[in-house]
Amino acid sequence: MARFTLPRDLYHGKGTLEALKTFEGKKAVLCVGGGSMKKFGFLDSAVSYLKEAGMEVEIIDGIEPDPSVETVLKGAEAMLKFEPDWIIAMGGGSPIDAAKAMWIKYEYPEITFEGMCKVFGLPKLRKKAHFCAISSTSGTATEVTAFSIITDYAKGIKYPIADYEITPDVAIVDPDLAETMPQKLVAHTGMDAITHSIEAYVSTANCDFTDPLALYSIKMIQTDLIASYNGDMSKRASMHNAQCLAGMAFSNALLGIVHSMAHKTGAAFADCGAHIIHGAANAMYLPKVIAFNAKDETAAKRYAAIADSMGLGGVSIEEKVALLIAYLRGMNKELKIPLCIKNYGADSYPAENGFVSEDIFLARLPEIAKNAIGDACTGSNPRIPSQQEMEMLLKCCYYNTDVNF
Ligand SMILES: NC(=O)c1ccc[n+]([C@@H]2O[C@H](COP(=O)([O-])OP(=O)(O)OC[C@H]3O[C@@H](n4cnc5c(N)ncnc54)[C@H](O)[C@@H]3O)[C@@H](O)[C@H]2O)c1
Ligand SMILES: [Zn+2]
């Protein structure tokens, strides 16, 4: 049965962090990441607003980027001791996603990580706590989505937990929090957002309710991302909304194989010196996947509609798809994101010799391709790749070669 689910309330605009003052409850646990929310004063503000609302507050901090299964288990234990009736997660996608998984384990202490990962198979939540998400990056939109991405570092794999049960009850989209993002984070999260809207628009689960959100957010990102990257704070605020609209689209239309590939390559080369940051992975793979998916007639028409809505020109469908690919490649260059894995260097900047050597890439390719095909995001992609096609596609993403299959 088709379903469209969003948070019950969404506070948006400058200063809306204050909405926390109006929350009703006894105990709130506040989950944050490595320190940016504390450093810029948002953590203290949130604590004082919740206290003003009459709540006892406990903090779970230090949630790392790309949170691990262990972090989730540790946080759930703290929640079981404190017994909050509100879980408030504030920061980038990482602390919010970790808090969502902690929430599941808090409500169902017996559930295993494998149990959580059953796609749309979670038991009913909200028997112990409600959930509020406050985003400080402009990309994942996890404040409105039914997803949480947790990394199993032993396997080197990111697992999506997907269920409308973990769509937050309340989202706060306050652009003040996004103003402190460093340039590189703006670039990566912004390209994550446009990947969300483009994948949602061509997904086999797209519908009348998700299409307008996807198309409108693509246009906003087209006008706002580069300016936001270059320091325009009104565009930064607009990007904070745009990524959220993209999230509303993909949470309900689902994603595609750009995300499958990003999930399965993100931690696969961590032993070679670095993660492939989620947004950067998407930015590198999206143009290749568009070329692959555009061999499907319906998908090609949809990409052409995106190009039309962006005003990119072109007459034939093929021409429009090519212009969309060229436009996205241009965005990568302006945002200093590498074009392919081979050139993914230190600090995620383009480099002649990246940190993933050809030998290591080729040795791990069959396993990564198999895992990517098995990712939860593959099912809604317009074209389902075979093992051989996925390997060829990943090679194009490594060498930046053309997709002609
Ligand atoms: N749940 C979903 O629907 C969904 C969708 C896409 C991606 N993800 C996942 O989200 C994670 C990435 O999240 P992210 O891109 O938001 O980054 P992040 O949460 O991993 O944060 C990256 C870094 O930015 C810092 N930071 C965050 N906000 C800041 C701010 N306002 N000012 C200064 N520094 C700030 C953090 O402290 C951290 O060091 C990945 O694990 C990805 O797989 C989830
Ligand atoms: Zn994403």
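**Helix packing, ligand shell, domains and sheet**

Me: At what angle do helix H11 (residues 297-309) and helix H12 (residues 317-334) pack?
Reply: This is a predicted model, in which local features need pLDDT of at least 70 and side-chain atom pairs count only at pLDDT 80 or more, while totals for chains, interfaces and linings use all residues. Residues are numbered from 1 along each chain as its sequence is written, and chains are lettered from A and ligands numbered from 1 in the order in which they are written. Helices (H or I, at least four residues) and strands (E, at least two) are DSSP runs numbered from the N terminus, and axes are lines fitted to C-alpha atoms, for helices over the stretch in contact, with angles running from 0 to 180 degrees between N-to-C directions. The axes of H11 and H12 lie 8 Å apart, and the two helices pack at an angle of about 60°.

Me: How many nonpolar residues does the contact of H11 with H12 have?
Reply: Contact is counted when C-beta atoms, placed from the backbone, lie within 7 Å, and the residues making this one include Tyr 303 and Ile 306 of H11 and Leu 323 and Leu 324 of H12. Ala, Val, Leu, Ile, Met, Phe, Trp, Tyr, Cys and Pro count as nonpolar, Asp, Glu, Lys and Arg as charged, and the others, Gly among them, as polar. By these classes the contact has no polar residues and 3 charged ones, and the nonpolar residues number 9.

Me: Which residues come nearest to ligand 1?
Reply: The shell holds 29 residues, a residue being near if its C-beta atom, placed from the backbone, lies within 6 Å, and it divides into 7 nonpolar, 18 polar and 4 charged. Helix H4 (93-107), strand S6 (147-152), helix H6 (183-202) and helix H10 (278-293) each supply at least two of its residues. Those that come nearest are Gly 92, Gly 93, Ser 94, Thr 137 and Phe 147.

Me: Which strand gives the most to the side of domain 1 that touches domain 2?
Reply: The protein is divided into domain 1 (9-178) and domain 2 (183-399), with bounds from an automatic or database domain assignment, and their C-alpha centres lie 26 Å apart. Across the boundary, 25 residues of domain 1 are in contact with 29 residues of domain 2. S6 and strand S7 (157-162) each supply at least two residues of the domain 1 side, and the strand that gives the most, with 4 residues, is S7.

Me: Which strands stand at the edges of the open sheet?
Reply: Its 6 strands follow the order S1-S8-S5-S4-S2-S3 with parallel pairing, where two strands pair if DSSP finds at least two bridges between them. Each edge strand has a single partner strand, so one side of it is left without a neighbour in the sheet, and these edge strands are S1 (9-12) and S3 (56-60).

Key
Two residues are in contact if their C-beta atoms, placed from the backbone, lie within 7 Å.
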